[in-house]
Amino acid sequence: MSKQRLQANEQGHLVLDGVDATRLAQEYGTPLVVYDVAAIRRQIQEFRAAFTRSGLRYQISYASKAFAAVAMYQVIDEEGLHADVVSGGELYTALQAGFPVRDLSFHGNNKSLAELEMAVENHVGVIVLDNFHEIDLLKRVLETQNASCDVMLRLTPGITAHTHRYTQTGQVDSKFGFDVASGQATRALQAVLGIPQMNVIGIHAHIGSQIFGVTGFELLVRKLMAISAQWRDQLNFTPGILNLGGGFGIAYTAADDPLTPADFIQHITTTLRGLADHYQLPLPEVWIEPGRAIVGPAGYNLYTVGSRKDIPDLPAYLSVDGGMGDNIRPALYQAKYDAVLANKMDAPIHETVHLAGKFCESGDILIDQLALPQSESGDLIAVLDTGAYGYSMASNYNRNPRPAVVFVEDGQAKLVVRRETYADLVRLDARYE
């Protein structure tokens with residue numbers, strides 16, 4: 001997010017959809033995760049408008065792993081979106097939110113028997129098959145429950161996205177999906193077509209995360225349309241849905257230049273229409289799975305400044321009351337963020353510091369080089385664009401409680417995930433006696 005788009009009140013305090021960030025910190029404590037719900041809704045509407053202009057049949061499926069909570073599923077339901085889950089825990093959370101189960105798809109490279117039983121019992125809309133073991137497990141579950149279900153096949157298309165190697169998922173050497181080049185994908189389709197309880201509605205692929213260019217997605221469409229034509233000719237089967245996954249990048253810093261939903265969808269539409277004509281295939285329904293692109297820019301992590309370490313001729317270390325326990329991405333992916341001094345938005349830039357967390361690791365640096373006004377203990381730092389994968393990947397490392405989560409919209413704040421207590425940390429512990 002551009003700092004120029006941030007709003008401040010007369011007191012020089014950061015304002016999030018009409019709510020003073022310093023008031024949020026006083027009322028709910030820090031560290032605190034805040035979501036601007038209106039920003040979430042605007043991003044969804046931008047994706048929807050771009051697809052509507054394209055004339056394609058489509059489905060926008062929120063990738064729950066970016067941030068899953070009961071309240072989040074409620075917002076997604078209000079916006080009429082599909083959602084995907086990758087674990088029994090995410091599925092359970094969606095069910096607790098009353099999310100329409102027919103609008104859920106279930107991903108994962110190692111779904112357990114219990115998770116598949118849970119999905120089938122609750123009539124999950126579509127199960128995305130990832131490997132041959134899972135085909136066998138799901139067949140057993142369907143036979144035992146005398147049930148049937150819609151499925152997609154996840155393919156490994158052999159496309160490497162230009163992103164961090166930990167977030168590349170479409171290359172041949174990947175733990176996800178049926179490999180296309182070796183013929184695995186075709187064998188998987190043949191196996192599933194022979195199981196009457198499984199109805200194959202489409203194919204799925206995901207090439208990575210935080211992707212800025214459209215080239216990888218265009219190559220993916222070409223690969224999926226080519227295999228669709230091959231399967232039509234060889235097996236008399238044409239996928240009705242192409243699920244292109246997610247991975248759309250967002251602007252964490254001024255150096256990032258992501259595509260807009262309109263740009264991405266226009267490129268995909270042009271490529272898809274040309275290939276449909278070339279292969280004489282009907283235009284498939286297109287699914288995408290944005291997660292980061294929906295919630296990332298809407299999230300803020302609020303921290304209180306604590307200690308400061310000054311070193312001659314080097315940037316100071318400014319420490320806050322959170323860190324890698326509530327946002328491990330800088331340590332794990334070398335992810336870059338920007339931040340502001342939320343209680344002194346009008347103050348001039350004074351220095352560059354290392355924004356350090358409180359966790360007992362040298363790698364617990366939230367932002368390595370951060371330009372800030374003159375700060376002091378008790379000031380409020382707001383790290384921007386933290387809505388994706390921060391809270392989802394949060395931990396109790398060093399036995400620190402996870403932060404609260406607050407939604408703000410139209411000048412109102414609502415606690416949607418309470419702050420953990422020390423008692424919560426030992427709730428599952430058993431004494432050794």
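In the predicted model, F67 has a relative accessibility of 1% and therefore counts as buried, since the cut-off for burial is under 20%. Y391, at 14% relative accessibility, is likewise classed as buried. The rings of F67 and Y391 form an aromatic pair with edge-to-face geometry, their centres being 6.2 Å apart and their planes set at 80° to each other. F67 is located in the loop between β5 (58-63) and α3 (70-78), whereas Y391 belongs to the loop between β19 (380-384) and β20 (404-409); the pair therefore ties together parts separated by 324 residues in sequence. In total, 14 aromatic pairs are found in the structure.

An aromatic ring also takes part in a contact with a charged group. The charged end of K111 is placed over the ring of F106, at 5.8 Å from the ring centre.

One cavity of 30 Å³ or more was counted, and the volume of the largest cavity is about 40 Å³. The lining of this largest cavity consists of M225, S228, T238, P239, L242, L281, P282 and P284. Six of the lining residues are nonpolar and two are polar, while none is charged.

Technical notes: Residues are numbered from 1 along each chain as its sequence is written. This is a predicted model: local features need pLDDT of at least 70, side-chain atom pairs count only at pLDDT 80 or more; totals for chains, interfaces and linings use all residues. Side-chain values use heavy atoms; hydrogens and water are left out. Rings of Phe, Tyr and Trp (its six-membered ring) pair if their centres lie within 6.5 Å; planes under 30 degrees apart count as stacked, over 60 as edge-to-face and the rest as tilted. Helices (H or I, at least four residues) and strands (E, at least two) are DSSP runs, numbered from the N terminus. Buried means under 20% relative accessible area, exposed over 50%, partly exposed in between (1.4 Å probe, protein chains only). A charge sits over a ring if NZ of Lys or CZ of Arg is within 6 Å of the ring centre and within 35 degrees of the ring normal. On a 1 Å grid over the protein atoms alone, a cavity is a set of points where a 1.4 Å probe fits but cannot get out, and a pocket is an open set with protein on both sides within 12 Å along at least five of seven lines; lining residues have an atom within 4 Å of a point. Grid points are joined across faces, edges and corners, and a volume is the space filled by probe spheres set on the points. Ala, Val, Leu, Ile, Met, Phe, Trp, Tyr, Cys and Pro count as nonpolar, Asp, Glu, Lys and Arg as charged, and the others, Gly among them, as polar.
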